[in-house]
Amino acid sequence: MRDTYYNMDCITGAKTYLPDAMVDLIITDPPFAIEGDQLHKLYNRKEEYVVEGYVEVSKEKYREFSFRWIEQAKRVLKDTGSMYIVSGWTNLLDILLAIEQNGLELINHMIWKYNFGVSTKHKFVTSHYHILYCRKKGNAEVKFNPYCRFGAEEKDSEGSSMLYCDLEDVWTIGRDFKKGRTKNRNQLPVELLMKMMLYSSDEDDLICDFFLGSFSTAKVARSLGRYSTGFEINGTAYDHQVGQISNIQRGWMLAGMRSNGGNPHFNQRKRWTKEETGNVMERYHNIKCTGVSDRQAYSILSQEFGRGYFSMMNIVKKSRR
Ligand SMILES: C[S@@+](CC[C@H](N)C(=O)[O-])C[C@H]1O[C@@H](n2cnc3c(N)ncnc32)[C@H](O)[C@@H]1O
């Protein structure tokens, strides 16, 4: 089951292959019940690189379908586990009802603000998703790692707590650009998946995605030293993605986040200053000239400036806006 993926319907697949209470974390992004081939209109992009065969669920069946897959998700989840369901607002009612009727408890209701809505002249632009973060009802303590990305004392140059900001329930995360590369019709950004996984799982945990699509959950899980499993009914997407997983070196992203020269985050308690931000950005541009990826750059900056990987990512992204 660890790092095993099934080309089949998730409800049948879970019943057949997943035992009770085996999974530490579920992250999943079910189909949207968008009639016809309209999904690309939400994403404003060329279709030539999109994998064929995305399977939709009809609006009429969506409520029952949601109840049935969430019933299986609850069964396979550990008592200490949690689940993140990504949903558009059009199907939110069905998902919320399925959570309630299956006896799950909502821990948080996040808004994920993204940057790829399509402009319109007749109504407001949709630029958010809902992320429903839930657990099984009961007394077990659900796994949550509050300091996985920022230290308790870390403050930005305005004196605001970076940890508090990261823990707020509105997340602004843009999409990953994959110009000229094959992709699923919609694909969750690596940054979003990393955030959910780091807060809600540990290394070697098992993460399940009921709707793998382009296997982004599985790929990020492996990159963060976790194991994964899941289902994708579309044979074309499955065949295209499944072979790529074993090419990813398990835990490679963690190595970058930890490389603080054995002196982790020695500046973490100090407030950021404009001067330090300027120095970081100057160094960032110099490092990038050598051709390294952004992730490698954050890891080098983290080592040199004695602050966390995610602080570096935040500073660079804020300065670029
Ligand atoms: C919203 S996408 C998931 C995207 C994925 N999170 C990613 O980042 O690439 C939903 C996926 O569920 C698949 N799907 C639809 N019905 C399914 C079912 N009954 N069982 C398993 N997969 C299904 C679709 O083919 C589609 O690839």
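In this predicted model, helix α7 is followed by G225, a residue whose phi is positive, near 75°. The buried residues of α7 are S216, T217, A218, V220, A221, R222 and S223.

For the chain as a whole, the predicted model has 12 helices and eight strands, and 35% of the 321 residues count as buried. Of the contacts between residues at least 6 apart in sequence, 73% join residues that are at least 24 apart.

| Helix pair | Residues | Axes come within | Crossing angle |
|---|---|---|---|
| α10 and α11 | α10: 274-289 | 10 Å | roughly 135° |
| α11 and α12 | α11: 294-305; α12: 309-320 | 8 Å | roughly 115° |

The axes of α10 and α11 cross at roughly 135°, and because of this angle α10 counts as oblique to α11. The crossing of α10 and α11 is right-handed. On the side of α10 the contact is made by V280, R283, Y284, I287 and K288, while α11 contributes A297, I300, L301, E304 and F305. Taken by class, the residues in this contact of α10 with α11 are seven nonpolar and three charged, with no polar residue.

Helix α11 meets α12 as well, and there the axes cross at roughly 115°, so that α11 is roughly perpendicular to α12. The crossing of α11 and α12 is likewise right-handed. Here the contact is formed by Y298, S299, L301 and S302 of α11 together with Y309, M312 and M313 of α12. The residues of this contact of α11 with α12 comprise five nonpolar and two polar ones, and none of them is charged.

Read together, the two contact lists show that L301 of α11 takes part in the contact with α10 and also in the contact with α12. Charged residues are present in the contact of α10 with α11, where they number three, whereas the contact of α11 with α12 has no charged residue.

Conventions
Residues are numbered from 1 along each chain as its sequence is written. This is a predicted model: local features need pLDDT of at least 70, side-chain atom pairs count only at pLDDT 80 or more; totals for chains, interfaces and linings use all residues. Helices (H or I, at least four residues) and strands (E, at least two) are DSSP runs, numbered from the N terminus. A residue is buried if 20 or more other C-beta atoms lie within 10 Å of its own, exposed if 12 or fewer, and partly exposed in between; C-beta atoms are placed from the backbone. Two residues are in contact if their C-beta atoms, placed from the backbone, lie within 7 Å. Axes are lines fitted to C-alpha atoms, for helices over the stretch in contact, and angles run from 0 to 180 degrees between N-to-C directions. Angles under 35 degrees count as roughly parallel, over 145 as roughly antiparallel, 65 to 115 as roughly perpendicular and the rest as oblique. A crossing is left-handed if the near helix is turned anticlockwise from the far one by less than a right angle, and right-handed if clockwise. Ala, Val, Leu, Ile, Met, Phe, Trp, Tyr, Cys and Pro count as nonpolar, Asp, Glu, Lys and Arg as charged, and the others, Gly among them, as polar.
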